[in-house]
Amino acid sequence: FPVTIYIEASIKRALSYSPIVGLLGQRQVGKTTLLEKFTKDFVSLDRERYLLLAEHDPETFLQGRAEPFGIDEAQLSPRLYPALKEHGRIHKKPGQFLVTGSVRFTSRKVIRESLTGRIVSLEVLPFGIRESHQLALSDSIHSLSKIESLSQLERFAENSGQQVSRSMLEHFL
């Protein structure tokens, strides 16, 4: 079953030039699945063992990991962020870390390090019907912006419902 196809190219591109790539999004949108796909090694800070190590000694936690190293739910360890910044400063190569979170890292007051200049953040959106059937994403917004008359709007409305069939919708639901 394809998961978040639309963002995979963006992740590859970001890993090619940024030392740290952040995947942000709501719960259950596929962040961990993407982490598994794009990293050689990853840990979840939902597991207390890893969280305690990341908080107690973040520098050691980051050392000697296969790259890109994935850290799921990174926002749970505020002390990790200065260590990520320093690691990125010393080791300037791209694609070192892929971190996920269900909140924007800078929105947490306890995280004082923004990683500006060292992280590219990508938002993982909820899975859609078109993705489940490996169809191109809709360009409806772009098409709507070009409508100049009522007759064009009526044609758009007539044609827009034909792209996803009832059986596709029922299968997805």
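User: Let's start with a pairing. In E4, which residue is the bridge partner of Phe 69?

Analyst: Happy to begin there, with the reminder that this is a predicted model. Strands of a sheet pair through backbone hydrogen bonds, in either a parallel or an antiparallel way. Here, the partner of Phe 69 in E4 is Phe 97. Strands E3 and E4 run parallel and are joined by 3 bridges.

User: In what order do the strands of the sheet lie?

Analyst: The 5 strands form an open sheet, ordered E2-E3-E4-E1-E5, with parallel pairing. Strand E2 (41-44) and strand E5 (119-123) each have a single partner strand, so one side of each has no neighbour in the sheet. On average, neighbouring strands are turned by 15° against each other, direction ignored.

User: How many bridges pair E1 with E4, and how many pair E1 with E5?

Analyst: E1 and E4 pair in the parallel sense over 5 bridges, and E1 and E5 also pair in the parallel sense, over 5 bridges. For landmarks, look for Leu 24, whose bridge partner in E4 is Gly 101, and for Leu 23, which stands opposite Leu 122 in E5. Helix H2 (residues 31-38) packs on the sheet, touching E1, E2, E3 and E4, and its direction makes about 170° with that of E4.

User: Which way do the residues of E4 point?

Analyst: The general idea is that in a regular strand the side chains alternate between the two faces of the sheet. In E4, Phe 97, Val 99 and Gly 101 point one way, while Leu 98 and Thr 100 point the other way. As for cover, 5 of the 5 residues of E4 are buried.

User: Now a helix, please. Which residues of H5 are buried, and why do they line one face of the helix?

Analyst: An α-helix has 3.6 residues a turn, so residues three or four places apart point the same way. In H5, the buried residues are Leu 80, Tyr 81, Ala 83, Leu 84, His 87 and Gly 88. Viewed down the axis of H5, they fall within an arc of 160°, so they line one face of the helix. These buried residues pack against strand E1 (20-24), H3, H4, E3 and E4.

User: Is His 87 buried or exposed, and what is it in contact with beyond its neighbours within four places in sequence?

Analyst: His 87 sits in helix H5 (residues 80-90). Since buried means under 20% relative accessible area, His 87, at 15%, is buried. Leaving aside those sequence neighbours, His 87 is in contact with Leu 62, Gln 96 and Phe 97.

User: Which members of the largest nonpolar core touch the most other members?

Analyst: This core has 17 residues, and the ones touching the most other members are Leu 45, Phe 61, Leu 62, Phe 69, Ile 71, Leu 80 and Phe 97. Helix H3 (48-56), helix H4 (58-62), strand E3 (69-72), H5 and strand E4 (97-101) each supply at least two residues of the core. The largest share, 4 residues, comes from H5. There is also a second, separate core of 14 residues, including Ala 14, Leu 34, Val 120 and Val 124.

User: Back to the whole chain: how many helices and strands does it have, and what share of its residues is buried?

Analyst: The protein chain has 9 helices and 5 strands. Of its 173 residues, 38% are buried. Among contacts between residues at least 6 apart in sequence, 77% join residues at least 24 apart.

Note on methods:
Residues numbered from 1 in each chain as written. Predicted model: local features only at pLDDT ≥ 70, side-chain atom pairs only at ≥ 80, totals over all residues. Heavy atoms only, no water. Buried < 20%, exposed > 50% of the residue type's maximum accessible area, 1.4 Å probe, protein only. Contact = heavy atoms within 4.5 Å. Core = buried A, V, L, I, M, F, W, Y, C linked by side-chain atoms within 4.5 Å. Arc of directions from axis to C-beta. Pairing = 2+ DSSP bridges. Axes fitted to C-alpha atoms, helices over the stretch in contact; angles between N-to-C directions.
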